[in-house]
Amino acid sequence: MEAPILSIENLTVAYRLQGKWLEAVREVSLCVSAAQTYGIVGESGSGKSTLVQAVMGYLSGNGAVRSGAIRFEGEDWLHTPRRRREQLWGARLSMVPQDPLSALNPALTVGEQIAELVQRHTEDTHNAAYGRAIEMLRRVKLPDPEGAARRYPHQISGGQQQRALIAMALASPDLRLLVLDEPTTSLDVTTEAAILDLFAELQDDHRAATLFVTHNLGVVARMCQRVAVLYAGEVMEDAPTETLYHKALHPYTRLLLRAVPRIGDHSTLQAIPGRIPSLRKRPSACVFAPRCPVAIDLCHAQKPPLERAKDGHLVRCHRWHEIAEGSLRVEEAPSVAKRREIQSTEVTFFDQLFSAEQNGAQATIMRAEHLRVQYGVRGLLGRLLGKKLPFRAVDDVSMRVPRGKTLGLVGESGSGKTTFARSLIGLIEIESGEAHLLEMPLRGTPRQRTKATLKAMQMIFQHPEESLNPNRTVGQALSRPLMTLSGMARPEAERAAADLLRAVSLPADYLGRFPRELSGGEKQRVAIARAFAAQPALILCDEPVSSLDVSVQASILNLLAQLQAQHEVAYLFISHDLAVVGYLADYIAVIYRGQLVERGKAESFFTPPHHPYTEALLASIPLPDPQAKQRRIRLPDDQPTGGVPSGCRFHPRCPRYLGEICQRQAPPWHTDEQGRHYRCHIPPHELTVLQTEDGA
Amino acid sequence: MTAYLIRRVLFFGLTLLLTSLIVFAAVRLLPGDVETAVLGRGAEPAARAALREELGLDLPFFMQYGNWLSGFLSGDWGNSYAMKLPIMPLVMERLGNSLRLALIAMLIAVPPSVLLGLFAGLNEGKLFDTVFSLGSLILVGIPEFVMGIILINVVALGWGILPPSASVPPDASFGEALPRLILPSLTAAAVLLAYIGRLTRVGVIAEMRRTYVRTAVLKGLRWRQVIFKHVLRNALLPTITVIAISLGWLISGLVVIENVFAYPGLGRLMVFAIQQRDLPLILGGVMIAVTVFALANLIADLLYAALNPRIRLG
């Protein structure tokens, strides 16, 4: 094998905080050779960002490499002077960052930002460099590259911004190392799939070594030949992708793979208890031992070495021999999750589930009929000064949520899913249409609503730190709704608050803690406990696990399922992640540009026929299995501006576009024999044939 | 952008109209009455009535306001009670003087303050930054009249380089007037220097933490390219706005400095008018001051929009 482009040897990176060195990356070694894609997987706090910064040779202020070495094309990268680094950055090594909008300068055009890099590393004139920028934009498949070059970052969509950054990173013909730092994390799943394809395709040309850093096990499975699993700054396991996904030897890797929801798999997710230790409290023995279900005394006493289990398979665990032999089981036996026999009476009920016309189904607790929500008009003065045209974020959405069930609402950013939930709870005004909860009309702001309405519906938000008051203890946060909504006296409310904490599996001494003393998952548990305090009939869950790590996400999903079984509460579960929704929901609805395009029962949802948009979503999800077979359907990037498309709103991006009818006519709802509903000009039997024959 | 422009200009007009109404009403609330001010304490009731009629003071409030407004718009601002002179040329001459002072102060203050602020921001927490922060805080803290008096005593009376008074003969050329303008401009510039410098520093620090700076560095750009092409373009946006707004303050708000240096600016004229209960002069002066202020704000807004593609291109 040829010499590696990048080699990291025993690298330890630390941050100096209050006079102490805290190690964020410990004794990491790995090599990446030309044309290889090497994955680094880690949750938050794993040290992956620090590793990226160290590799780029650009650590933030108080960070420093404490020991070890980084070699870039054989050169001692840590002792390369700044001047030399400036010559290499952008020319021989470059990086694609996570959040494309903030990574681009808002005050310079896209073309200029690429051209200046070209100009820096070549003898080109500005015009030649600009021409090269346009050529690069074409190579990353931006439609209208000349136009895109003239635009400012905020004028193009997130996917296009990321393409521009990729164009920038690959602009140099001498590229040797490409570092991808969570390059698709902030993108929608359909965009993510297209960008991942682009990476794979371009790598065939540039043949640079690629370091792909991500938290997403599905992305790694699709993209990488080799993966290192990082936990609390240390490499736990390092193996070829196939081996890692099917013959993992480290308990952490195995558990992580059992914590990801997978489409079509209804066995219970297994959560990893506890959380990644903070920088200050890293155990000196095995860093994973405190959370490991199979840890023995030795694990708490002595640090395991990174051992070679097989050729090219490294693992850091005292018990890997037992796991390899199969004599030690890390995971629980798979059990089938709650659900999922919907009785025959419910099938007829379900047919009425979304139709606004029919009424009176006993078990419906919330029904929304022809709901519309508009943004951009605010009073007379708003009209005078307002700059934005009115924009209808929710347009004629009707749905029902049955008692004790979960309705999953799936959509990408800008689909109107969150707006829909916010309009139900009164945070946004409903423009027209009606919504009823337990036959009580949902109208006006929360302040104008009756106590009974407020009590019956609660909401859990995506970011728990933003929905919990930082100056209130957990106990205060929980007893307040008990007193105001349930009318309890203070001592009674405090007792009930302790019960609530127990229900979400938090110890009672958390009552006196402040939100800042809790981890993200614990905060979300408190938010869930608070939502349950009022004993609601319906909880609106707005992306409740999206900001959490995989291992924590599983425990929250299980908690929600368990509480639902105990309390017969209904969820409107909003998410961009079909796998997560598929795990929890009884019914699923898909929303695109403010309108529902498909709805159906969860258990039959993942077989055809699908609305073409749902089909594309399913084909885009990165599956956490390198052997997974998936149809390849890619959508063109959505345009950030422009009005609502005529006819079918999906037609500009639709891979099954028929012709003029899609542009002119709003599609009708179809129902197939299984009671699945979707809105498309293609009838069910044709769509089923189309979606089963090709690809697959 | 065009729609934005039109909206801002309409808003500018509305601001002036509303202010004029408020000022017109407020002037009427000043203690003392016009008759006493003009005719003296022992005036006959008949003479007072005649004067009221002559000045239109017997009309209803909105009629008075309407008359004044139409006069004001057509350039007839009335005569000063105290000086018995037409108001408009009086105010305009003083406005010219104030403008001259403001521009010189601006030229003295802006370039060094931006440079110092930039340098302090790039060296956040280091010695230069600490000295700059402390020094600018002291400078902001010294009242204008104290600074003026110190300058007069040290530079004019102590070293004898520049004249202590800034009273310029009306027919003096710019070259003759300049030495007299330096000390008052310097006093105004001192406050501005600290203010703009601190703002630039904060802007630079905030921008340096943004992710696009890392992108720029990792392109291999040279340090000065990163700073001057990427960082300053964004960091100076608030600074430019503040500079435009301070122009309004420099022209119409330098009452204290003008008094200390006996400089015939707009501020001193206003003080005189208020002391004399010279209502039409107060009105004219205030309206010009307000216009200058609103205009400075308008320019600041438009400049911000023009320099910020997010607003310019929506």
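Helices here are DSSP runs of H or I with at least four residues, numbered from the N terminus. With that in hand, look at Trp77(B). The residue sits in the loop between helix 4 (61–73) and helix 5 (87–122) of chain B. The model is a predicted one, so every value below is computed from predicted coordinates.

Is Trp77(B) buried or exposed? Count the neighbours. There are 24 other C-beta atoms within 10 Å of Trp77(B). A residue counts as buried at 20 or more. Trp77(B) is therefore buried. Now ask which residues touch Trp77(B), beyond its neighbours within four places in sequence. They are Gly71(B), Phe72(B), Ile87(B), Met88(B), Pro280(B) and Gly284(B). Take Ile87(B) from that list. Trp77(B) and Ile87(B) are 10 residues apart in sequence, and their C-alpha atoms are 5.8 Å apart in space.

Step back to the whole of chain B. It has 14 helices and zero strands. The C-alpha trace spans about 85 × 55 × 35 Å along its principal axes. Of the 314 residues in chain B, 35% are buried. Consider the contacts in chain B with a separation of 6 or more. Residues 24 or more positions apart account for 71% of them.

How confident is the predictor? Chain B averages a pLDDT of 85, and 98% of its residues score at least 70. Among the elements of chain B, helix 2 (residues 34–39) has the lowest mean pLDDT, 71. Helix 9 (residues 211–218) of chain B has the highest, 94. Where pLDDT is low, predicted coordinates should not be read in detail. For the complex, the predictor gives an ipTM of 0.81 and a pTM of 0.84.

Next, see where the two chains meet. The contact takes 27 residues from chain A and 21 residues from chain B. On the side of chain A that touches chain B, four elements each supply at least two residues: helix 2 (82–88), strand 6 (93–96), helix 3 (100–103) and helix 4 (110–121). Which of chain A's elements gives the most to this side? Helix 4 of chain A does, with four residues. The residues of this side of chain A divide into 14 nonpolar, eight polar and five charged.

Now turn to chain A itself. Its domain assignment gives domain 1 (107–171), domain 2 (248–325), domain 3 (352–591) and domain 4 (607–693). The C-alpha centres of domain 1 and domain 4 of chain A lie 32 Å apart. Helix 1 (residues 48–56) of chain A is mostly covered, with eight of its nine residues buried. Among the buried ones are Leu51(A), Val52(A) and Val55(A). Gly57(A) follows helix 1 of chain A, and its phi is positive, near 75 degrees.

Some residues of chain A have backbone angles to look at. Glu27(A) is not a glycine, yet its phi is positive, about 50 degrees. Glu27(A) lies in strand 2 (residues 20–32) of chain A. With 18 other C-beta atoms within 10 Å, Glu27(A) is partly exposed. Gln535(A), also a residue other than glycine, has a positive phi near 50 degrees. Its place is the loop between helix 21 (520–533) and strand 19 (538–542) of chain A. Gln535(A) is partly exposed, with 14 other C-beta atoms within 10 Å. Finally, a cis peptide bond joins Pro608(A) and Pro609(A), with omega about 0 degrees. Pro609(A) is in the loop between helix 24 (602–605) and helix 25 (612–620) of chain A.

Conventions
Residues are numbered from 1 along each chain as its sequence is written. Chains are lettered from A and ligands numbered from 1 in the order in which they are written. This is a predicted model: local features need pLDDT of at least 70, side-chain atom pairs count only at pLDDT 80 or more; totals for chains, interfaces and linings use all residues. A residue is buried if 20 or more other C-beta atoms lie within 10 Å of its own, exposed if 12 or fewer, and partly exposed in between; C-beta atoms are placed from the backbone. Two residues are in contact if their C-beta atoms, placed from the backbone, lie within 7 Å. Ala, Val, Leu, Ile, Met, Phe, Trp, Tyr, Cys and Pro count as nonpolar, Asp, Glu, Lys and Arg as charged, and the others, Gly among them, as polar. pLDDT is the predictor's confidence in each residue, from 0 to 100. Domain bounds come from an automatic or database domain assignment.
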